[in-house]
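Thanks for coming, everyone. Please look at the screen while I talk you through one chain.

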Amino acid sequence: MKQFLLVFLGGGLGSGLRFLISKTFNNTFHNFFLGTFIANILGCLLIGFILGLSIKNNFLSANQTLLLTTGFCGGFTTFSTFALEQHSFLKTGDLINFAAYTLASLVIGILAVAIGFWFSKL
């Protein structure tokens with residue numbers, strides 16, 4: 001239960017920050033969601049930095065790492081988790097699963113959005 005609450009707290013903080021960044025920057029350029037882009041890239045940077053510190057120096061406890069990565073970064077952007085998973089494929093040289101997961105995530109994700117819109121019109 002403690003781990004769930006840590007993820008819940010971190011996720012709420014991450015989602016709130018993503019909302020503020022998107023609200024501030026998404027209307028900066030026409031046809032480019034700068035706020036979303038900033039959140040996604042910053043989330044990737046943060047998850048790499050946090051896990052790097054945790055692994056290299058045993059800097060954070062397991063609960064702190066859970067709060068910051070799964071919780072905060074997960075709430076801030078799920079793209080950071082996707083990028084971390086993709087990094088693990090590249091690190092092990094598994095290019096087939098890297099390509100399949102990338103393609104499937106993009107194509108099926110976009111298709112799922114379209115289907116969701118379609119269902120909403122029924």
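Buried means under 20% relative accessible area, exposed means over 50%, and partly exposed is in between, with a 1.4 Å probe and protein chains only. A contact here means heavy atoms within 4.5 Å.

A word on the source. This is a predicted model, where local features need pLDDT of at least 70 and side-chain atom pairs count only at pLDDT 80 or more, while totals for chains, interfaces and linings use all residues. Residues are numbered from 1 along each chain as its sequence is written, and side-chain values use heavy atoms, with hydrogens and water left out.

Now the overall picture. The chain has five helices and zero strands. Helices are DSSP runs of H or I with at least four residues, strands are runs of E with at least two, and both are numbered from the N terminus. The C-alpha trace spans about 50 × 35 × 35 Å along its principal axes. The chain has 122 residues, and 22% of them count as buried. Take the contacts between residues at least 6 apart in sequence: 55% of them join residues at least 24 apart.

Back to α4. It covers residues 79-91, which is 13 residues. From first C-alpha to last it reaches 18 Å, close to the 18 Å expected at 1.5 Å a residue. That expected span is 1.5 Å times one less than the number of residues.

Which residues of α4 are buried? They are S80, F82 and Q86. These cover an arc of only 155 degrees around the axis, so they sit on the same side of α4. The arc is that of the directions from the helix axis to the C-beta atoms. Just after α4 comes G93, with a positive phi of about 75 degrees.

Zoom in on Q86. It counts as buried because its relative accessibility is 6%. Leaving out residues up to four places away in sequence, Q86 touches F98, Y101 and T102. With T102 there is also a polar contact, side chain to side chain, at 2.2 Å. A polar contact is a pair of N or O atoms within 3.5 Å; within protein, one must be able to donate a hydrogen and the other to accept it, and residues adjacent in sequence count only if both atoms are side-chain atoms.

Last topic: the rings. How many aromatic pairs does the structure hold? Seven. Rings of Phe, Tyr and Trp (its six-membered ring) pair if their centres lie within 6.5 Å; planes under 30 degrees apart count as stacked, over 60 as edge-to-face, and the rest as tilted.

F4 and F8 make a stacked pair, 6.2 Å centre to centre, with 20 degrees between the planes. They lie four residues apart in helix α1 (residues 2-25), so about one helical turn separates them. F4 and F8 are both exposed.

Now compare F89 and Y101. Their ring centres are 6.0 Å apart and their planes stand at 75 degrees, so this pair is edge-to-face. It links distant parts of the chain, with F89 in α4 and Y101 in α5, twelve residues apart. F89 is partly exposed, at 21% relative accessible area. Y101 is partly exposed as well, at 32%. Finally, ring pairs join F79, F82, F89 and Y101 into a cluster.
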